[in-house]
Amino acid sequence: MSDTLLRNTTLDVAASSVRDVNRALKAADDGSFQVLNSGGAHALACGLDAPVDVTIKGHAGYYCAGMNKHASVTVEGNASTGLAENMMSGTVRVKGNVSQSAGATAHGGLLVIEGDASARCGISLKGAEIVVGGSVGHMSAFMAQAGALVVCGDAGEALGDSIYEARLYVRGSVASLGADCIEKEMRDEHREQLADLLSRAGMDANIADFKRYGSARQLYNFKIDNAY
Amino acid sequence: MCGIVGLFLKNKALEPELGRLTALMLHEMCDRGPDSAGFAIYGGGDDRAKLVLLSKSGETDWAAMKDQLVAELSAEMELETLHDHAIIRTSADGRAVRRWIIDNAPDVTVLSLGKNIEVFKGVGDPDRVAKDFGLAERTGTHAIAHTRMATESAITTAGSHPFSTGADTCLVHNGSLSNHNNLREMLMTHGEQFQTENDSEVAAAYLAWRMSEGDTLNQALESALRDLDGFYTFAIGTENGFAVLRDPVACKPAVIAETDDWVAMASEFRAIAPLPGVENAKIYEPEPAKIYSWSHAVKGQAA
């Protein structure tokens, strides 16, 4: 496969390889691309750093759109572990469900999951914004440091365990809050942020139905009461 | 890393396709576990006990062993061989046959025992193991398969999954157990016999022991949540049932898909993607420490 591609090109994983497809995407400065026969392959559309538009017409495996910068990646199916891990900027959207650790350590950009996300969604979040149309699994936003996680459904056990400064908005029930995570007042600035995130994610939800959760800031400094 | 797949059919019309579909699923998990593989297929049988045996050296004199068994246990035995495996069908008590072989035939590993189950294993490319043992042509009600990337004990055929110690019960495991040595000793005091050093065999024996004590599969799994320490995603087969269990941290991957025709479980979705009707399946990841089980007696989720 050539390293230089015309715009609006279709890339077929079955006819080449994940490495060829990723190399071609990485070589492009702009344009739209469709990836066919993804078949749950790992590391699709990883490490992109130009404003290209990529649509994966099927299911994606591990680490899809990892380290994304500037690019817009859409998965028209489900995505597996580590979606948009360490994303820096750009947009990643999944039409289906995603597996664990979606958006792990992501620094920037917008991650939209239209279905459910499983365990550890937004673990160690460092500034990216995540909007989940469905529910998230246990230990979501574990040790999240900055950024926001919006959950239009329910959250599993230990939401926001050991959280620093990320903002969590949940519309449905929260099975339990993790250590040092508490419900917080929803002020105007939060309502504005939530409305903006829902709008950019294309989610239709009433902001009055959401509750905000965040850090109680009791784990920042050593306190003997925190020791077991 | 290992790859797990399981397929439990609800629609009898699909039973002729069980092996072919399981082989497609197993193929997708080859790169999660390229060093060895195995599968358990619940394909039915007659009233006799059926034992699948493995020759460790590949040179076991099966006919001689059968003659010895017939003489020792005074029972009829029918013998069939396939590569380094042999299948014995007998009207004798299958547990007695298993015990005799483990005690008297050091070159033989008993891979499975039951009326319904057959387990086949091999080292090397999982697709080749499936081909060698004719997985794609096999029929039945449910199947479980595994591709192994060994971390905990040696790469041997006997050390490949699935593990089966009790009648018609088997288990595949992705993960590692940390208290298997203590559990093995405890189970040996209850009469369980082990054939490998593998931690997953201990999990299989644990469930077999609980069920031999009268637990249902779900009760045995509830006890397992309490007594097994470590990382695990298990897929478990019984004569009529199928179950999935993840440890309370749930680091090891698992996805379940369910339609009116089947329930499928795999380490990754791509192993489920080739199944018929998957586009209308209910797809979800099993929650930590929650028992998911199905049985042919009671259709649908019984957990």
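**Salt bridges and burial**

Analyst: B:Glu118 and B:Arg89 form a salt bridge, their closest N and O atoms being 3.8 Å apart. The pair links distant parts of the chain, with B:Glu118 in strand β7 (residues 117–123) and B:Arg89 in strand β5 (residues 85–90) of chain B, 29 residues apart. This is a predicted model, in which local features need pLDDT of at least 70 and side-chain atom pairs count only at pLDDT 80 or more, while totals for chains, interfaces and linings use all residues. Residues are numbered from 1 along each chain as its sequence is written, chains are lettered from A and ligands numbered from 1 in the order in which they are written, and side-chain values use heavy atoms, with hydrogens and water left out.

User: What makes the contact of B:Glu118 with B:Arg89 a salt bridge?

Analyst: The term requires a side-chain nitrogen of Lys or Arg within 4 Å of a carboxyl oxygen of Asp or Glu, and the closest N and O atoms of B:Glu118 and B:Arg89 are 3.8 Å apart, so the pair qualifies.

User: How do you know whether B:Glu118 is buried or exposed?

Analyst: Buried means under 20% relative accessible area, exposed over 50%, and partly exposed in between (1.4 Å probe, protein chains only). B:Glu118 has 10% and therefore counts as buried, as does B:Arg89 at 17%.

User: Why is B:Arg226 called exposed?

Analyst: Its relative accessible area is 63%, so B:Arg226 is exposed, whereas its salt-bridge partner B:Asp227 is partly exposed at 28%.

Methods: Helices (H or I, at least four residues) and strands (E, at least two) are DSSP runs, numbered from the N terminus.
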